[in-house]
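I opened my notebook on this model today and wanted to see how its inside is put together. Here are my entries, in the order I looked things up.

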Amino acid sequence: MKTWIKRIAVLMFILILAGLGVCAYLMHQAAGAVPVLNYHQINDHDVNALTVNTSQFEAQMKYLADKGYHTITPAEMLDAWENGTELPDKPVIITFDDGYADNYRNVFPILEKYQLKGTIFLISDFVSTYPNYLTWSQVEEMQQSGLIDFESHTLSHMQLDKTSPEETWNQLDGSRRALEWHLQKPVRFIAYPCGSYDEELERLTKDAGYRAAFTVNYGVTTPDENHFVLDRIPIFGGMNHMLFRFKLRLNYSPIFAPLAHLSRSLKEENHTFLAKFIPTP
């Protein structure tokens, strides 16, 4: 019996060492990667998968500031990758999809407080149209601060891998032109609605004049990644996205992202029971 216990102990020790080795390899491979945080709504009344509590969001931004992270824009990241310009130490991109009104009420003051940059992907037809979304005057004020960059999230948030080629082009090209007219600046980045994409959409996005596109795939962005399917780190979860979980996602995404992909694949194949055992903070 003691022999079997020793063998099991040795096996467990070997498995732990192997796991640590894999983790070290994944972290090493991600050296030079840029974490791109992905938010949606920041408020204290909606409790859903797309909302982070305002106090939790501020705690996360304070953590970034206290730990010496430097916020950059997608353009600054692409300039470094394509033109060799230097990035600051510990770069991070903070993104918000859709352009909700609470981005002005709650996000903007907190980013100003900690002097952090943010990028908001706007649904251009929704601006100054629906009460839960930003107005053009709010967009102008935020842009003039120098802290907020605005990019495209299409005209009306259609799932672009399901639309006709004509409608896909209209959503891509139309939103870029509308935003450039309102913002008086080039718009060269887009976040795909629902994170959905295919090869044809990648091609059309490039043809429409964009430099890069973001998905909602969990992971950090790297220079050798396809620029039209860039990963981000989702920071969602209503009241459940505590600071500890944020730290895990920010600092250890190279380890947890493959596990998240495995969990999603298991769920898609209806293996939900097995997916429960995959640790994905």
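**Entry 1: strand E10**

I began with strand E10, residues 230-234, in what is a predicted model. Five of its five residues are buried, so E10 is largely enclosed by the rest of the structure. I then checked which way the side chains go: Leu 230, Arg 232 and Pro 234 point one way, Asp 231 and Ile 233 point the other way, and all are buried.

Which strands pair with E10? Strand E1, residues 36-39, runs parallel to E10 and is joined to it by two bridges. Strand E9, residues 212-218, also pairs with E10 in the parallel sense, over two bridges.

**Entry 2: Leu 37**

I stayed with Leu 37, which is found in strand E1. Its relative accessible area is 0%, which is under the 20% cut-off, so Leu 37 counts as buried. Leaving out residues up to four places away in sequence, Leu 37 touches Leu 64, Val 92, Ile 93, Ile 94, Thr 95, Ile 233, Ile 235, Phe 246 and Leu 250.

**Entry 3: the cores**

Next I asked which residues touch the most other members of the largest nonpolar core. They are Leu 37, Tyr 39, Phe 57 and Met 61, in a core of 51 residues. I listed the contacts of Tyr 39 beyond four places in sequence; among them are Val 52, Phe 57, Gln 60, Met 61, Ile 94, Phe 96, Asp 97, Ile 235 and Phe 246. There is also a second, separate core of 13 residues, and Trp 81, Ala 191, Ala 212 and Leu 230 are included in it. A general reminder to myself: in soluble globular proteins, nonpolar side chains tend to be buried together.

**Entry 4: aromatic pairs**

I counted ring pairs next, and the structure holds 11 aromatic pairs. One of them is Phe 57 with Phe 96, edge-to-face, at 5.9 Å centre to centre and 65 degrees between the planes. Why does this pair tie together parts that are 39 residues apart in sequence? Phe 57 lies in helix H2 (residues 54-66) and Phe 96 in strand E5 (residues 91-98), so the pair links those two elements. Phe 57 is buried at 0% relative accessibility, and Phe 96 is buried at 1%.

I then took up Tyr 63 and Phe 246, which are edge-to-face too, at 6.2 Å centre to centre with 90 degrees between the planes. Tyr 63 lies in helix H2 and Phe 246 in helix H8 (residues 243-268), so here the parts tied together are 183 residues apart in sequence. Tyr 63 is buried with a relative accessible area of 14%, while Phe 246 is buried at 0%.

Ring pairs also link Tyr 100, Phe 126, Tyr 130 and Tyr 133 into a cluster.

**Entry 5: charges over rings**

Last, I looked for charges sitting over rings. The charged end of Lys 90 is over the ring of Tyr 69, 4.4 Å from its centre. Arg 249 lies over the face of Tyr 218, at 4.9 Å from the ring centre.

Technical notes. Residues are numbered from 1 along each chain as its sequence is written. This is a predicted model: local features need pLDDT of at least 70, side-chain atom pairs count only at pLDDT 80 or more; totals for chains, interfaces and linings use all residues. Side-chain values use heavy atoms; hydrogens and water are left out. Rings of Phe, Tyr and Trp (its six-membered ring) pair if their centres lie within 6.5 Å; planes under 30 degrees apart count as stacked, over 60 as edge-to-face and the rest as tilted. Helices (H or I, at least four residues) and strands (E, at least two) are DSSP runs, numbered from the N terminus. Buried means under 20% relative accessible area, exposed over 50%, partly exposed in between (1.4 Å probe, protein chains only). A charge sits over a ring if NZ of Lys or CZ of Arg is within 6 Å of the ring centre and within 35 degrees of the ring normal. A nonpolar core is a set of buried Ala, Val, Leu, Ile, Met, Phe, Trp, Tyr and Cys residues joined through side-chain atoms within 4.5 Å. Contact means heavy atoms within 4.5 Å. Two strands pair if DSSP finds at least two bridges between them.
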